[in-house]
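Thanks for asking me to look this one over. My notes follow as numbered points, to be read alongside the model.

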Amino acid sequence: MNCLFFRHGIAVEREEWEGTERQRPLTNKGMVRTRQSGKGLLALRVTPTHILSSPLTRARQTAAILQALLQEKIPVHSTPELEPSAPPHTILALLGTLPPDGFVWCIGHEPHLSATAGLLLTGTSSRAFSFKKAGACLIQIERVVRPGAGRLVWWLTPSQLRALA
């Protein structure tokens, strides 16, 4: 399985947002930069078979932007396993239910994505890795999805992804 983790784009600052945290949206700049990063993903030829997203607004918006760039419209599945408060092992359990030859895009938040990537790569929920907004990494998982089973293919910042577009 190939698993791409993508952090949501630039969102409205917490101090400037009057709604709930779950509803905090992307800014216009965040939408543009997310689209540019998504074009970089296309240049890398990383086409998903599954798209999973946190149910929070900014992640769902990010997923919709990325989905719109694809030739084949893959449905976006909103899942609580990608919420910021979800334990990292829960996304591993969900990934384990998907086909082993799948290419899964997971759109979520920090520090959850870093902890999950750390769990896949090192076997422990490490936050040594970090994602910038609209940044991504690709982890290849051989056979069974479990802690430490991942191999890092690449880890790219948003500016690196945009440069590929």
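Is S54 buried or exposed? S54 counts as buried, because its relative accessibility is 0% (buried means under 20% relative accessible area, exposed over 50%, partly exposed in between, with a 1.4 Å probe and protein chains only).

A word on the basis: this is a predicted model, in which local features need pLDDT of at least 70 and side-chain atom pairs count only at pLDDT 80 or more, while totals for chains, interfaces and linings use all residues. Residues are numbered from 1 along each chain as its sequence is written, and side-chain values use heavy atoms, with hydrogens and water left out.

1. **Around S54.** S54 sits in the loop between β2 (50-53) and α2 (57-69); helices (H or I, at least four residues) and strands (E, at least two) are DSSP runs, numbered from the N terminus. **The cores.** The largest nonpolar core has 23 residues, of which F5, L52, I91, L95, C106, I139 and I141 touch the most other members (a nonpolar core is a set of buried Ala, Val, Leu, Ile, Met, Phe, Trp, Tyr and Cys residues joined through side-chain atoms within 4.5 Å). Two or more residues each come from β1 (2-7), α3, β4 (103-108), α4 and β5 (136-141), and α4 gives the largest share, five residues. Apart from this core lies another, of 19 residues, including I74, F103, I107 and W154.

2. **I141.** Leaving aside neighbours within four places in sequence, I141 is in contact with M1, C3, L120, A149 and G150.

3. **α3 against α4.** Helix α3 (residues 88-95) packs on helix α4 (residues 112-122) at about 65 degrees, with the axes 8 Å apart; axes are lines fitted to C-alpha atoms over the stretch in contact, and angles run from 0 to 180 degrees between N-to-C directions. P88, H89, I91 and L92 of α3 meet H112, A115, T116, L119 and L120 of α4.

4. **Backbone points to check by eye.** The peptide bond from E110 to P111 is cis, with omega near 0 degrees, and P111 is found in the loop between β4 and α4. R45, in the loop between α1 (28-43) and β2, has phi near 60 degrees, a positive value in a residue other than glycine. A134, in the loop between α4 and β5, is not a glycine either, yet has a positive phi of about 70 degrees. R45 is exposed, with a relative accessible area of 73%, whereas A134 counts as buried at 2%.

Methods: Contact = heavy atoms within 4.5 Å.
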